[in-house]
Structure formats: C-alpha cells, structure tokens
Amino acid sequence: MWGICTRTMVKAGMAVKPCRLVKPCHLVTPVSATRISGRYRSHQQGLPTLPVPPLHQTFERYVAALEPIVEAEELQHTEGLVQEFQKAGGVGERLQKALEKRAKNTENWLSEWWVQVAYLDYRLPVVVHSSPGLVLPHMDFSDKQGQIRFAAKLIAGVLDFKTMIDHETLPVENLGGKPLCMNQYYEVMSSCRIPGPKRDSVVNHARGPTPPKHITVVHNCQFFVLEVYSSDGAPLTAEQLCLQLEKICSASPPSEAQHVGILTTQHRDSWGSVYGNLIKDKTNRESVAAIQSSIFTLCLDGAMPRVPEDTSRSSAAIQMLHGGGSQHYSANRWFDKTLQFIIAEDGTCGANYEHAPAEGPPIVALIDHVVEYTRKAETTQSSTAPLPAPRMLRFNITADIQREIEEAKKNMNLLAEDVDMRVVVFEHFGKNVPKTHNMSPDAFIQVALQLAYYRLYQRCCPTYESASLRMFRRGRTDTIRSASTASAAFAKAFDDAGTQNTEKVELLSNAVKAHRWYTNMAISGQAIDRHLLGLKMVAVEEKMALPAIFTDSSYATALRYKLSTSQVPSKTDCVMCFGPVVPNGYGVCYNPMSDHINFAISAFKSCEETSAARLAEAVQRALLDMRTLLEQTPKSKL
Ligand code: COA
C-alpha cells in the first residue's frame, strides 16, 4: 500500500538529496546553551563527546553484519566496494577526516543530522510511522467522574515531575554504571513539531523568557487552554484541576466537535502546506500557537468499542497509537505535540509522543513518576479563590480547510484499518530466567525474535534494535543489528533434528554473547550505522557524488528493517507500541519485567506476508523452547 517507507529510503540512501544542513532556528538547541545551570551544566559538560569510530573497524563490522542478510554474491560485490572506498588517500579517508573535524567542532557530530534525517525530513505521517504510543495498565475507573478525577491527578503528577526538571533535582540516570545525558528531559515539555512544506522543525517554548503555564485539553475534538499554575506560581491542586476539567467537559458537547486535530495525521508535505493556509487566519494562528506552546496536551477520550478481554490491550494500543480512526479519537489529538496523555472514560490510559525531541526511556521515566503520583493521597490544601474558566480555542474553518479535514479523515481511516496490532503479556518468565542462566535478558529476547522470524520465514532479516547513545553529550541512538552470524547459526540449528541439544545450547550462548557484544559496542559509540550515515552526510554536504557503497544494493537491504525493535523498560507494567518501518515488516516493542514480558507487535494488514498475531505466537513459543532447551540440557555438558 505504501511502497517503501520514506524513513527507510532516507536511511537507505535512496532519498537523501543535497540539502543545506544549516541549523534551523527552531531545532532543539544544546542543553548548555539555555536554561540549564549549575549542577546539570557541569554534569552535561563532564560527559564525553560522541567518538567517530575508526574507518576500518566500521567496514569490517559492516561486512560481518551483512553476512546473514544478503546473498553471497552480493556480499562479494560489496567487499570489493568497501576495499575501494577504504583505499589509502581515497574517498573514505577524505570523508572520515571531514567527519573527525566536525566532531572536534560540535558538541555532538551526529545529533543534529539524526534529528533531521530520521524525523524532520521524514514525510510520512508521524502517526503510526514515527510517533510511539504507550499503554498503561487499565485504571480503576469506568465513568466520566472517575476519568476527570484521574486526569486531574495525572496533570498534578506531570507538574510535579516538571518541578524536578525545572529545579534540576531529577537524579542523573546511569547505564552500565555510566552517567547519562539528561538533555532529553529538557526537550519534551512545552515543545511541538511544526510542519513545513518540505521539512519540519521543533519549537521548544520552555526556553523562552516566559515559560508557558498552561496545558491544552482536548475533549470531543475541541481544544481548551487550561492554566495550571495559580497567580502565586503554585501548581493547581488535583482538586482545583478536577473543577476545571469538569468545566471543559460541560463546555464541549459532541455536537460542536471541530475536527481540526485530524490534520496533524496527514502526510507531512500535505499538512505543511495546509498549515500555511490554516494559520493565515489570526484566530487560527493564535489557537495553534496556544497548543504548540502548552506544556503538554491532555486528550479526554470516550471508550473504544468493547472487545474480548484477550484483545483489550491491543485495542488500547490502537487508541494510543492512532486514536482508532476519525469515527473514534484520531481527531481528539494534536499529533505534532511532543507529549500527549490520553485518558479514556472506561479506564484505558496511556500516551502518544512525537519522536523528534526524545526517545522512549525519558518519557517512560516521566510516566513512572506520574503513575506513582496518582496513587498517593493529595496533601496540598486547595485555595478557595475562584479560578478563571478554561478558554476554548476557536478555529475558523474555510471550505478549503474543511475539504482538507475530510481528506485527512479518509487517509487516517485507511491507515487505521491497515494497522495490525497485537499486545501480549508473556507470563511464563521475565528477566529472571535468562539471568539464572547468566545471560543478558535483552539479548535472550532478541535471539528469541530471530528464532521466531526464522521459523516463520526460513530466513533471517535485517533487524534494528535501538541502543542508547546517552553516555555521550546530547546522545540519541545507534542501531544494534540483532541478526548476526551467531544468531543465524542458532536459528538454523534449533529445529534441526540432527543437531544435539548440547550443541544448540552452545549456539544459543554464542548468539546471546554476540548480541551483548554488539550492544556494548553500540552504547559506547562504536556501532556502524550512525558512522555510515555520518560519512554519507559529509558527502551530501560537500555535494559529492554518493560513493558506491551507499548506492549498493547491500546497503539498501541492510536498511530495510523487517524487524524494527526496541526495549523500553519501566517500573509501571506498561508497554510502548509503534508501527513497522517497512510495508512488509514488524514493529516490536517490549518491556521485560522481572517475571513477565510485555510485547506490542505491529504489522500492516495490507501485507500478506506478515501477521502480528503469528509473530506474537512465534516469539512466545521461541522463548519457551529456549528455556526448555536450557533446562533440559545438563549443565555439566555445557
Ligand atoms: N547474567 C545475569 N544478569 C545479566 C546478564 C548476565 N549475563 N547480563 C545482563 N544482566 C542483567 C543486568 O545486570 C540488568 O540487571 P537489572 O535488571 O538489575 O537492571 C538486566 O540483566 C538487564 O540487562 P540486559 O537485558 O542485558 O539489558 P540492558 O538493561 O543492558 O539494556 C539495551 C540493553 C540495549 C536495551 C540498553 O542498553 C539501551 O540502549 N536502552 C535504550 C534503548 C532505547 O533508547 N529505546 C527506546 C527507543 S524509542
């Protein structure tokens, strides 16, 4: 239906056109440049800068990564191109030197390019194709009153977290004992993506001289500005927020719905051009600006149609990922908003976030805090002073804009119908079992995914797992290539009747170790994908013809991730979800808890090859079979 997804094309080098890579004024600016002071500034400045890996190391690892996913002949051809590229005094050395120079002169040689290439230049709708959803456990309410009470507490919880950000009292996070960059926490509040006709931007209002004090609430597709601080600067209490939310709900009957929010689900080029028309009108411009500058958006939904218990989490994931289509809640959103919390009347809760400013882990840390907060009793005494009524945001919808709204509804509904989503809770074990066998749980799950895929398709596929680069200043992510020679050997041997269990265990152990090795390499800035992107971006900036390694079919294959995966751990029993990045691929997000694992698996229904339910079933079977193998093979023989 979609053809090759643009993000993949860009990553694959098919769509990067020479572009001026000047720093757009709206783009996320370095943390040290603005509000961060004292403690955080010295923390940030103490972090190492992202290294540029040695050229020969990247290409040696690149060839190794291609081995399980391209044909032998293709690989041989690529090896020739790699040799040519690395020749002394050749193009590779020239690009490498330019990249090293950039690394010396910037805070992070990659992050700005990455935000542009992966997000702001990406033109497919952010909904499904880029913005993740997050499903919280079902909350204990099932009516409007309960919804409003919970929403009020959630707002208070977010403001409590915001106070920690503002006061720089958030504890610095660690990964493998190393402190992490905290910049992303400063990018998610009061920020919004702005559509452009060819490229988008992100604006962050928290940096301005008067940081916003309001949130936006959307109910029955009508947007309201809700001031969440009182005149003395104190955050409103949950009790006060409850009263304000009640006013919003009574002022927004379904009959007055304006579906302007659905425009944010459009292809970015279309939305970029409609946006220009929309904000020509002063009222519209002010309403849009109020949404963009708000601290976050709260979406108060009704309930999705009832589904059997075993698919209720999948239905919740759909609601969080895209809102269920225009007949449900897709217009009850502003998908450009960095943070949207979604609370439905039946107790279904979660969030949706626009990916450009941050990865999942900071969002989940915020959610963990908020969920914990909502469980505490309110202790603050509410003032009795009357509060100003929340302000409804008006839109003047011309016939042209209305036509665009109808078009957006049609497209959103086609996309919504196409998303095949399966959320499963694997209840047999969690991180505990791999740990008992001295294996990295994440690597164990990734190897299970490789086995599951191999069993379904009798081949390995290019697999993406996000690895954090937050050990470095302003670090984002690199790719862990989970399909390795070791994982392929294990997957091929597992169902082979001629292979002994002891040998299978050894192959499993090798595959897990290989994955963990790649992970360590990726989080320490030595993986291959962002380095390759950097070399390519230098060539683009210098307006050179793209070197043949980037127009090579192996490179295109390597970037067509049929498995796009990510671990997003949390304290709360939740799960993130996102769409596949290629039409015939899967999106797999998982949260490994101590004794169970939450998976959200997506595919496109229009692709006959894929089925979220089949992969979900195969992953669970692979995990169980791998445990059985380990338990049934006497340790003495290992
Ligand atoms: N034996 C026993 N225990 C082990 C082990 C072994 N061989 N290897 C690891 N463990 C333990 C770890 O100590 C850790 O313990 P904890 O539960 O007490 O914290 C636990 O198992 C988990 O480790 P592991 O499964 O190896 O994963 P990880 O926590 O190191 O995470 C990544 C791996 C790749 C997910 C992580 O490095 C990362 O980059 N995360 C960010 C991803 C991201 O940004 N995603 C969002 C994109 S939107």
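**View 1. Thr 297 and its partner across the strands.** In strand E9, Thr 297 has Gln 340 as its bridge partner. Strand E8 (residues 297–301) and strand E9 (residues 339–344) run parallel and are joined by five bridges. This is a predicted model, in which local features need pLDDT of at least 70 and side-chain atom pairs count only at pLDDT 80 or more, while totals for chains, interfaces and linings use all residues. To find your way, count residues from 1 along each chain as its sequence is written, and keep in mind that side-chain values use heavy atoms, with hydrogens and water left out. Strands (E, at least two residues) and helices (H or I, at least four) are DSSP runs numbered from the N terminus, and two strands pair if DSSP finds at least two bridges between them.

View 2. Axes are lines fitted to C-alpha atoms, for helices over the stretch in contact, and angles run from 0 to 180 degrees between N-to-C directions.

View 3. The ligand is surrounded by 24 residues, each with a heavy atom within 4 Å of it. Among the closest are Lys 435, Asp 442 and Arg 516. A polar side-chain atom of Arg 516 lies 2.7 Å from a ligand oxygen atom, and one of Ser 566 lies 3.1 Å from a ligand nitrogen atom; polar contacts are pairs of N or O atoms within 3.5 Å. The protein covers 70% of the 980 Å² of accessible area that the ligand has on its own (Shrake-Rupley method, 1.4 Å probe). Strand E13 gives the largest share of the shell, four residues.

**View 4. The six-stranded sheet.** This open sheet has the order E12-E18-E17-E15-E13-E14, with mixed pairing. Its edge strands, each pairing on one side only, are E12 (419–426) and E14 (477–481). From one strand to the next, the twist averages 20°. Five bridges join E13 to E14, which run antiparallel, and Tyr 464 stands opposite Arg 481 in E14.

Note on methods:
Polar contact = N/O pair within 3.5 Å; in protein donor to acceptor, adjacent residues only side chain to side chain.
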